[in-house]
Amino acid sequence: MAAFAYLDHNATSPLRPAAFESMVEVLRAGGNPSSVHAAGRKARAAVETARRQVAALVGALPAEIVFTSGGTEANNLALSGAGRRRVLVSAVEHDSVLRAVPGAEIVGVDGNGVVDLAALERALGSSAGEPALVSVMLANNETGVLQPIADVVRLARAAGALVHCDAVQAAGKVPVEVHGLGVDYLSLSAHKLGGPTGVGALMVRDGAPFATDRRGGGQESNRRAGTENVAGIVGFGVAAQEAADGGRDLAGWRDRIEFSLVQIAPRARVFGVGARRLGNTSCISMPGVPAETQVMSLDLAGVCIGAGAACSSGKVQRSAVLAAMGVPVEEAGSAIRISLGWNTEPADIERLIAAWRDLYIRVTQSDISQAEAA
Ligand code: PLP
């Protein structure tokens with residue numbers, strides 16, 4: 001049996017072996033892609049191969065791909081680079097979008113976490129000649145809920161607005177086609193699809209406005225200065241190629257988890273269940289048991305899961321996504337996130353269900369004995 005069942009792919013998906021091998025080779029070879037000698041040319045060729053692989057993942061032109069240090073930088077680059085003073089973002093965006101532009105206007109979501117298109121249309125209609133940038137994610141990191149991006153683009157275009165889409169959680173899990181979607185900017189992150197951490201990309205549609213105040217060398221066609229993270233980019237390319245088929249269909253396993261957990265704890269609730277969702281993600285509550293307790297208890301049982309949004313500090317904060325969906329504070333505080341991925345095995349699912357059942361029995365028995373003692 002594996003040391004642990006890793007069911008936290010939306011935080012970071014383990015590095016795919018082929019990506020690892022490709023990175024080791026590049027690290028051994030070295031070379032700066034801007035150098036004109038043989039070693040530099042080899043590094044440049046490796047970066048350009050990766051650019052084609054990443055572009056193919058989302059149906060973009062290779063020239064539209066700008067490599068970054070991850071999804072966070074891609075989101076920040078898009079929101080500042082579009083050069084629009086008025087920015088509208090959905091209430092369930094990742095912090096790297098929500099906090100990128102002070103004063104951004106927030107568009108609400110419904111109880112399933114789907115952006116309120118009527119509210120977006122109203123907000124766009126009130127722009128009084130000021131063209132906006134709209135940023136709506138493709139798939140939510142906590143609930144897996146998919147947003148109606150084609151509708152967002154239609155409304156935005158009618159109002160002369162540009163559209164950015166954070167596809168960090170969607171790419172490699174569902175097919176993504178940038179030109180079909182019609183977005184101007186699209187963010188990607190390698191470590192969500194089995195590439196390394198610390199590398200990502202921003203797709204900037206050919207012809208879309210883009211300006212950056214980052215100063216340095218002219219790398220990435222003057223769109224992102226700084227010597228490229230060659231090994232990271234190459235690992236990203238290989239992972240993107242492996243994930244390009246839209247990933248494994250994990251919805252059956254996700255449904256088995258949700259069915260079992262609700263059978264164990266009838267008051268458990270699955271969030272976003274009424275919307276279209278990623279097949280790999282389940283956000284579910286065990287009422288009365290704080291998410292931290294569940295995460296720690298499952299960890300002791302050898303199961304890695306997440307609690308709401310995984311924060312860099314390791315502290316569990318109240319989920320802004322569930323708050324925006326109108327989930328009461330206490331219930332949101334007992335919500336965990338289970339996310340499956342490329343190396344998930346049926347044994348991992350069974351281990352999770354067994355550990356969750358054990359915890360639930362322990363908690364309910366201690367509640368009964370406390371009530372009896374009172
Ligand atoms: N956007 C979404 C939806 C995410 O889930 C994340 C990471 O959790 C990011 C952006 C940030 O990506 P990165 O960790 O590569 O900076």
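**Briefing: an aromatic pair and a domain interface**

Phenylalanine 67 has a relative accessibility of 3% and therefore counts as buried. The model is predicted. A search of the whole structure finds one aromatic pair, formed by the rings of phenylalanine 67 and phenylalanine 236. The protein is divided into domain 1 (5-13 + 248-373) and domain 2 (17-244).

**The aromatic pair**

- The ring centres of phenylalanine 67 and phenylalanine 236 lie 6.2 Å apart with their planes at 70 degrees, so the pair is edge-to-face.
- Distant parts of the chain are linked by this pair, since phenylalanine 67 belongs to strand β2 (residues 65-68) and phenylalanine 236 to helix α9 (residues 230-243), 169 residues apart.
- Phenylalanine 236 has a relative accessibility of 0% and so counts as buried.

**Strand β2 and its partner**

- Ile65 and Phe67 point one way from β2, while Val66 and Thr68 point the other way, and all are buried.
- Strand β8 (residues 200-204) pairs with β2 in the antiparallel sense over four bridges.
- Within β8, alanine 201 stands opposite phenylalanine 67.

**The interface of domain 1 and domain 2**

- The centres of domain 1 and domain 2, taken over C-alpha atoms, are separated by 29 Å.
- Contact involves 25 residues of domain 1 and 28 residues of domain 2.
- About 2100 Å² is buried between domain 1 and domain 2, and carbon and sulfur atoms give 56% of this area.
- Of the area that domain 1 buries against domain 2, Leu278, Val321 and Met325 supply 28%, more than any other three residues.

Note on methods
Residues are numbered from 1 along each chain as its sequence is written. This is a predicted model: local features need pLDDT of at least 70, side-chain atom pairs count only at pLDDT 80 or more; totals for chains, interfaces and linings use all residues. Side-chain values use heavy atoms; hydrogens and water are left out. Rings of Phe, Tyr and Trp (its six-membered ring) pair if their centres lie within 6.5 Å; planes under 30 degrees apart count as stacked, over 60 as edge-to-face and the rest as tilted. Helices (H or I, at least four residues) and strands (E, at least two) are DSSP runs, numbered from the N terminus. Buried means under 20% relative accessible area, exposed over 50%, partly exposed in between (1.4 Å probe, protein chains only). Two strands pair if DSSP finds at least two bridges between them. Domain bounds come from an automatic or database domain assignment. Contact means heavy atoms within 4.5 Å. Buried area is the accessible area (1.4 Å probe) that two parts lose on being put together, summed over both.
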